Amino acid sequence: MKNRKLVLAKRPDPAVNRELFRLEEAEVAPLKQGQFLVRNLFLSVDPAMRGWVADMPNYIPPVALGAVMRSFAVGEVIESRHPDYAAGETLYGRFGWQELAVSDGSDVERKVDPQVAPLSANLHVLGMTGATAWFGLTEIGNPQAGETVVVSTAAGAVGSMVGQIAKARGCRTVGITGSDDKAKRCRKEFGYDAVINYKTCQGEDLSAELATACPKGVDVYFDNVSGPISDAVMSFFNVGARMTVCGVIGISPAHLSGPRVARTLLVKRARMQGFLIFDHMHRLSEAVEGLLPLFKAGKLNYSEEIYEGLEQAPVGLENLLAGSNQGKVLVKL
């Protein structure tokens, strides 16, 4: 049996694009005792991949040159020599950008029930994306009914979940996004009370928009970008505000002068905490238990941008990092 896989051929210099990856084909070795074979059905494409392919300090080691690109996937066990995994079971795990994956179970996050939700949903709403929103918001942000929650990258896979979870908890939700189309989706699909397009209002205009959208100040800020946008939001913090730092895509080598937040944190007695979902993946089932009632009640709307075929995964990543995607980026095999 042959396996087709995408390996990392070179490092970004400086951009992440489809040219970094190489398609290879290889025979699948016979299974050893304690192993099983997974046929991937859906692959995930995530913003974090920008850091995973770079040879620089990060929260996990970079993908090695020549190695299969790291990725979450949903797949079906088609052969097993492992007592805990049987042929026909569906799994969610770190199986990589490839059609077939040999596993010993160490890269499995959980077993999936295909009857509960569409298989693809396990790669976002009921997977790492949903868990990121759930733990980052509920445990660090700890939103209370009546509070104002601001979310940057509000139309993104994580941001859209954060806004809807906060809304379900009785909060006023304010989204920040980068286009009028995404702003419209934030209002109509994700239920934000107010939305700001940061690309059409910079500097003092952004502050004016925030003042209108957050008349009672900001209690919780779920930060997916950092940089100038976050500087502006923090100036509206209420006493005791909580900030989850989930992403820093708004900081580039050209922006090294901030954010300067010491006085805001001091005067407002606010809390800023970094968040990495990998610290919480062992609790994934706990997040799914919290998300499922909202999902079944139709309170977690989502959209998917699906690319067909393994070869399209790098294209999906390139478009995702350019911000041209509409929803969670997936690859269907």
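Guide: Contact means heavy atoms within 4.5 Å. This is a predicted model, where local features need pLDDT of at least 70 and side-chain atom pairs count only at pLDDT 80 or more, while totals for chains, interfaces and linings use all residues. Residues are numbered from 1 along each chain as its sequence is written, and side-chain values use heavy atoms, leaving out hydrogens and water.

Visitor: Is Asn40 buried or exposed?

Guide: The scale calls a residue buried under 20% relative accessible area, exposed over 50% and partly exposed in between (1.4 Å probe, protein chains only). Asn40 has a relative accessible area of 3%, so Asn40 is buried.

Visitor: On to the helices: how are α2 and α3 oriented to each other?

Guide: The axes of α2 (residues 128-141) and α3 (residues 157-168) come within 8 Å and cross at roughly 50°. Axes are lines fitted to C-alpha atoms, for helices over the stretch in contact, with angles from 0 to 180 degrees between N-to-C directions. Under 35 degrees is roughly parallel, over 145 roughly antiparallel, 65 to 115 roughly perpendicular and the rest oblique. The two helices, α2 and α3, are therefore oblique.

Visitor: What covers the buried residues of α9?

Guide: In α9 (residues 313-322), the buried residues are Ala313, Pro314, Val315, Gly316, Leu317 and Leu320. Their cover includes β1 (2-8), β2 (21-27), α1 (49-52), β14 (304-308) and β15 (328-332).

Visitor: Now some backbone angles. What is omega where Asp13 and Pro14 are joined?

Guide: Most peptide bonds are trans. Pro14 lies in the loop between β1 and β2. The bond joining Asp13 and Pro14 is cis, with omega about -10°.

Visitor: What is phi of Thr153?

Guide: Thr153 is in the loop between β8 and α3, and at 35% relative accessibility Thr153 counts as partly exposed. Although Thr153 is a residue other than glycine, its phi is positive, near 50°.

Definitions and conventions. Helix = DSSP H or I, 4+ residues; strand = E, 2+ residues; numbered from the N terminus.
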